[in-house]
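This report describes one protein chain from its computed geometry. The sequence and the model come first, and the notes follow.

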Amino acid sequence: MDAARWLLLGVAVLTVVGALLGVVLLEDLRRAYISAYGGMRGGDEATGAAIAGVIGAVVVAGVCAVTALLLGRPRNWVRVGAWVVCAIGVCCLSPGLLGGGVVASARIVGNGAGSDEIAAAMEVAMPGWYGPLTVVLAGASVAGVVAAGVLLALPASNAYFRRPPAPVVG
């Protein structure tokens, strides 16, 4: 149980680190969006994408952290809820494996340049290590939620979550 808890806490930390990385590199991100949009409107889109990324990361990190804390309680509903969180986590964190986290948030926030244009502009404007690092962070996060879900499904965790037998009176 402890391993699943630590994995979910690790996913929470990795998610926040990824979001903060986008905030630290906001000027490079703005430059990429201005290039893709062909004007200053792109800077607003970049800021919106960074804000959406931070909000999304805080939500994912919060859900993972609360789930990890709840896993300390031996209740079966907590384990089922953790499985749901792990499944949703895979869906939410997987786009980062393709380097699509920032590009996807721009498509949600506004209209204009296409994902391909934004990705090409980001490749030029962002530091060379940014893309691989975000993919590694996303990969570690996805692996963490998958591993936590698997650990919760192992027979060893069944005993932890099993309801204790009622005391015999008599």
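## An exposed isoleucine and its patch

Ile55 counts as exposed because its relative accessibility is 52%; exposed means over 50% relative accessible area, buried under 20%, and partly exposed in between, with a 1.4 Å probe and protein chains only. Ile55 belongs to helix 3, residues 41-70. Helices (H or I, at least four residues) and strands (E, at least two) are DSSP runs numbered from the N terminus.

Together with Ile51, Val59 and Val63, Ile55 makes a nonpolar surface patch of about 360 Å². Patch residues have over 30% relative accessible area and no salt bridge; nonpolar side chains (Val, Leu, Ile, Met, Phe, Trp, Tyr) are joined within 5 Å, like charges within 9 Å. A salt bridge is a side-chain nitrogen of Lys or Arg within 4 Å of a carboxyl oxygen of Asp or Glu. Areas come from the Shrake-Rupley method with a 1.4 Å probe, and for residues only the protein chains shown count as cover.

## Basis of the model

The model is predicted: local features need pLDDT of at least 70, side-chain atom pairs count only at pLDDT 80 or more, and totals for chains, interfaces and linings use all residues. Residues are numbered from 1 along each chain as its sequence is written, and side-chain values use heavy atoms, with hydrogens and water left out.

## Overall fold

The protein chain has 8 helices and 0 strands. Of its 170 residues, 38% are buried. The chain exposes about 9300 Å², of which carbon and sulfur atoms supply 71%.

Among contacts (heavy atoms within 4.5 Å) with a separation of 6 or more, 79% join residues 24 or more positions apart.

## Helix 2

Helix 2 covers residues 26-37, 12 residues in total, and spans 16 Å from first to last C-alpha, close to the 16 Å expected at 1.5 Å a residue. The expected span is 1.5 Å times one less than the number of residues.

Its buried residues are Asp28, Leu29, Arg30, Ala32, Tyr33, Ala36 and Tyr37.

## Cysteines

The whole structure contains 0 disulfides, a disulfide being a pair of cysteine sulfur atoms within 2.5 Å. The closest cysteine sulfur to that of Cys91 is in Cys92, at 6.7 Å, so the two are too far apart for a bond.

Cys91 counts as exposed at 59% relative accessibility, while Cys92 is partly exposed with a relative accessible area of 47%.
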